[in-house]
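Let's take a friendly look at this structure together. Keep the 3D view open and follow along as we go.

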Amino acid sequence: STQSTGDANDYFAEWIIKKVGISESSHVLELACARGAYARYISKKTGCTFVGIDIMPDFIEEGKAKLTEHGVQDKGELLVGDMMKLSEVLGDQKFTHVLALGCLLYIQDDIDSFYEQLKQHCNPGTWIVAQDFTRTCTVEEIKPVMNHFRSKVEFLMPDEYMKKILDAGFSLQYYNNDNNDGVVKSADTIMAGGSKLLAEGLLKKEDFTHPALRDALAAGRFIYGTYIYTV
């Protein structure tokens, strides 16, 4: 995903639309949406309504300008808010589809509480599309990656992660980690750019932590998976 740049991965967005049946009558929530790239793209393609939330006010302001630029400003809104306090932001809104793309890694240590909150904003049959990291090694081995994400969260192992979804009462409809190679390639691209900045003295060596993520992904110690589950 190129979410961090503010652009949706068009191929993946199209895949989501088809896979979970987003249409004009859908109401989509994008969590930790940054500038709302996926909600914006999907709404433009399908005519659905949407809400995006992110904790960074600057991202939301930039995203609002992009809604107008793409002609979907009347279809939804982008709100500043914390995904661990959903009802404070969303009131009693319920959604047909929820997107959590690469953001749940920061709350894996409190994901049970998050799921309970999320269910308050779902109807029976609501689809959740999530992409997240899990570890296949010890916490000690993954410490450099935790440092990369500036996170103290000790990532869950794949079976623990899956159990959390099922224990929350969701039905798992789909899982794969086929995107892992794509994530490694993205990390390679970022590393090439970072190496150039290092050579030019524009980046400190201790701030360049992408090699830890790239190496863990390439070695299979860290896995990026796509999960689809329903209420």
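## A histidine in a loop

The side chain of histidine 121 makes a polar contact with the side chain of serine 87, at 3.0 Å. Keep in mind that this is a predicted model. To find histidine 121, look in the loop between helix 5 (111-119) and strand 5 (122-135). Is histidine 121 buried or exposed? Its relative accessibility is 1%, and buried means under 20%, so histidine 121 counts as buried.

A polar atom of the histidine 121 side chain also lies 2.8 Å from the backbone oxygen of glutamine 93. Here are the two distances together:

| Atoms of histidine 121 | Partner | Distance |
|---|---|---|
| side chain | side chain of serine 87 | 3.0 Å |

Leaving aside neighbours within four places in sequence, histidine 121 is in contact with several residues, including Leu86, Leu90, Gly91, Lys94 and Phe95.

## The sheet and its helices

In which order do the 7 strands lie? They form an open sheet in the order 3-2-1-4-5-7-6, with mixed pairing. Strand 3 (76-80) and strand 6 (171-176) are the edge strands, each pairing on one side only. On average, neighbouring strands are turned by 15 degrees against each other, direction ignored.

Strand 6 and strand 7 (residues 222-230) run antiparallel and are joined by 5 bridges. Tyrosine 175 has tyrosine 227, in strand 7, as its bridge partner.

Helix 3 (residues 57-69) packs on the sheet, where it touches strand 2 (49-54) and strand 3. Its direction makes about 165 degrees with that of strand 3. Helix 7 (residues 158-167) lies across strand 5, strand 6 and strand 7, and runs at about 165 degrees to strand 5.

Terms used. Residues numbered from 1 in each chain as written. Predicted model: local features only at pLDDT ≥ 70, side-chain atom pairs only at ≥ 80, totals over all residues. Heavy atoms only, no water. Helix = DSSP H or I, 4+ residues; strand = E, 2+ residues; numbered from the N terminus. Buried < 20%, exposed > 50% of the residue type's maximum accessible area, 1.4 Å probe, protein only. Polar contact = N/O pair within 3.5 Å; in protein donor to acceptor, adjacent residues only side chain to side chain. Contact = heavy atoms within 4.5 Å. Pairing = 2+ DSSP bridges. Axes fitted to C-alpha atoms, helices over the stretch in contact; angles between N-to-C directions.
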